[in-house]
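Subject: Structure handover and notes

Dear colleague,

Here is the structure I promised to pass on to you. Please have it open beside this message while you read the notes.

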Amino acid sequence: SDDLSMSNVLQALGATSYESMFDLLNNLIDCDEVATVNKITEIFNDGNDMKYFIDQFLSFLLDVTKYLLMKNVEVTRFPKSMVDELNRVIGIGNANDYHYLTNRVLDLKVLIKNDTDPFSTVVIKLVGICRCQ
């Protein structure tokens, strides 16, 4: 394609878009189980490997947490163009929310390491995160 965009580059690399990551994060913070399942299903149906996706989502959460604590995009891997979205998302949660999410996603990463059906495990655990907040 001649269309060089962030979305196309991420798709070519097998990476999930920031938009999808922010959507999932918002769903988890809002404890919206249906939206969480729909987003994970969409990500899976787009051909994403769930183990790789959870690695990406964990890194994403760590960067959001760093931004929440330091208010400096330079300590993250986010482009400066994401500052408005970062400010919006950190405004709906607190450090404890992000600490909880990061720990649960880290547990999930370990859990699916040798899983033969990581999609189902990811869905079950993320719904569990929605219920425990």
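The notes below cover the salt bridges, a pair of helices and a surface patch.

Please bear in mind that this is a predicted model, in which local features need pLDDT of at least 70 and side-chain atom pairs count only at pLDDT 80 or more, while totals for chains, interfaces and linings use all residues. Residues are numbered from 1 along each chain as its sequence is written, and side-chain values use heavy atoms, with hydrogens and water left out.

Salt bridges

The structure holds 9 salt bridges, a salt bridge being a side-chain nitrogen of Lys or Arg within 4 Å of a carboxyl oxygen of Asp or Glu. One of them joins Lys39 to Glu42 at 3.1 Å, N to O, and both residues belong to helix 3 (residues 33-45), where they are 3 residues apart, about one turn of the helix. Helices here are DSSP runs of H or I with at least four residues, numbered from the N terminus. Lys39 is buried, at 9% relative accessible area, whereas Glu42 is partly exposed at 37%; buried means under 20%, exposed over 50%, and partly exposed in between, with a 1.4 Å probe and protein chains only.

In helix 4, Lys66 and Asp63 are likewise 3 residues apart, and their side chains meet in a salt bridge of 3.2 Å, N to O. Asp63 is buried at 4%, while Lys66 is partly exposed at 31%.

In helix 6, Arg104 and Asp107 lie about one turn apart. Arg104 counts as partly exposed at 31%, and Asp107 counts as partly exposed at 41%. Elsewhere, salt bridges that share partners link Asp23, Lys39 and Glu42 into one network.

Helix 4 and helix 6

The axes of helix 4 and helix 6 (residues 95-111) come within 10 Å and cross at roughly 160 degrees, where axes are lines fitted to C-alpha atoms over the stretch in contact and angles run from 0 to 180 degrees between N-to-C directions. The two helices are therefore roughly antiparallel to each other, the term used for angles over 145 degrees.

Surface patch

Leu69, Met70 and Val75 form a nonpolar patch on the surface, with about 280 Å² of accessible area together. Such a patch joins nonpolar side chains within 5 Å, from residues with over 30% relative accessible area and no salt bridge, and accessible areas come from the Shrake-Rupley method with a 1.4 Å probe. Val75 sits in the loop between helix 4 (50-70) and helix 5 (83-90), and is partly exposed at 32%.

Key: Patch = residues over 30% accessible without salt bridge, like charges linked within 9 Å, V, L, I, M, F, W, Y side chains within 5 Å. Parallel < 35°, antiparallel > 145°, perpendicular 65-115°, else oblique.
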